[in-house]
Amino acid sequence: MANARGFLDFKRKNDKKSPPLERVKNFKEFIQPLDKKEREIQASRCMDCGVAFCHTGRVSGGRDIGCPLHNLIPEFNDALYRGNWHEAFARLDLTNPFPEFTGRVCPAPCEDSCVCAINTDSVSIKANELAIAENAFKEGLILPQKPTKYNGKKIAIIGSGPAGLACAHSLNLLGYKVCVYEKSDRVGGLLMYGIPDMKLEKSVVERRVDLLKKSGIEFKVKQNIDSKKKVASLLKDHDALVLCTGAGAAMDLDLKGRGLKGVELALDFLTQNTKALLNTGVAASSARGKNVLVIGSGDTSVDCVAVATRQGAKSITRFERSPKKSEVRSANNPWPLKADVFTTDYGLEEALAAYGKDVREYQKMTKEFCGKDRVEGVLACDLRREDGKNIEVSGSEKFYAADLVLLAIGFSGSEKSVAKNFGVDFDAKNNVETQNYKTKHEKIFACGDARMGQSLVVWAIRDGLLCARAVDESLDEA
């Protein structure tokens, strides 16, 4: 057990962040970690409480409870508190193959499920995890991991996002020759192009991919497996194929004026900017000098606000259909569920500083995109909540000027071409249908967002690891 009085003697202390108006001048990560001694003190706040919901890894009522990877959180916190950083990493490495990713981009359901969070600040689990991971890289503890021998069987993985990387990592250690096929020009999936550099610098992704390559995993980019012929060729040459293609079907708004220039999907906007930074070192300029409207309320919408602010947007507005959330948990959102409360994430914090106001507009519904060739604005109305449903407020229609509209309203499952080309079935939510990760095709498996629908990076990693186990068990029985 860690310091028996840690949570009483020490308050939570967060990593520092660069001031908003400073960090919007570039696309670099802006977190300034605590020093080692301060981090050890923060770890001492963990009580190894005996009812440690932090590593439960379940979903209840659509809300996460604890870490999906079942990280041994009290154990690595105890080691960290004692200054044994190598032991802390050894504990973390047992469950999480990519802590440098989750330590940056995971929304930390573990912290909302921490016992301390019932009536005080939770333990800083996410920051502790990242500190352990980065120290392990610095001290050379994270090395290529090769199997003792290969078993002669070959696996093709389609997609190199977090699920694909996790599945490839695990199968490689089990002795399979793994080849990952990525349709884009770089490895990483949404880790590379869906998450901006401020949250996850691409050198971090490339560092891990380089390790996986040195571990024996082969990666092929610009390989879009988009025909039955290509699938048949892969099935002929491999013992199994794993679909890690993500939830690629973006939700759209089928409204009048949708075809106007300047109405874009959020992921396309984010990808364009990251590619520009990687290829030229200079950000894209699609939002520069424009009135930007972001439609949606999730993490992707926050990322769009952050990128548009850095590109030099004239103004930014964000529409969301829901009312403003309460600053405290509601009765139907009790501990240890992931807290559904009002927060101001990094991009919104930056926009507030840059534009002098909160850019969020609540209970707004877009009805029409207006303009001739290019979008000039949208017609939108107010909503009110009645019996759990959004009702349009009569007479509330209003025109909102916008030169760039970004649709960040989520994803509706896998792209239809996946079912057609790979010969698999979809469930009612347009996700690849599986039984213990196996599709109706005896040699094809699926995991991650392709199987679950849009989810968190940490859930995708977990699903990739479990899918690898299912593939191994299936081939072992064959």
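**Briefing: a predicted protein chain**

Phe 101 is buried, with a relative accessible area of 0% (buried means under 20% relative accessible area, exposed over 50%, partly exposed in between, with a 1.4 Å probe and protein chains only). This is a predicted model, in which local features need pLDDT of at least 70 and side-chain atom pairs count only at pLDDT 80 or more, while totals for chains, interfaces and linings use all residues. Residues are numbered from 1 along each chain as its sequence is written, and side-chain values use heavy atoms, leaving out hydrogens and water.

**Overall build**
- The radius of gyration of the protein chain is 23 Å, which agrees with the value near 23 Å for a compact globule of 478 residues (taken over C-alpha atoms; the rule is 2.2 Å times the number of residues to the power 0.38).
- Along its principal axes, the C-alpha trace spans about 70 × 65 × 50 Å.
- Of the 478 residues in the protein chain, 51% are buried.

**Aromatic pairs**
- The structure has four aromatic pairs (ring centres of Phe, Tyr or Trp, the last by its six-membered ring, within 6.5 Å; planes under 30 degrees apart are stacked, over 60 edge-to-face, the rest tilted).
- One of them joins Phe 53 and Trp 335 edge-to-face, at 4.9 Å centre to centre and 65° between the planes.
- Phe 53 is partly exposed at 30% relative accessibility, and Trp 335 is partly exposed at 23%.
- Phe 98 and Phe 101 have ring centres 5.5 Å apart and planes at 45°, so this pair is tilted.
- Phe 98 is buried, with a relative accessible area of 1%.
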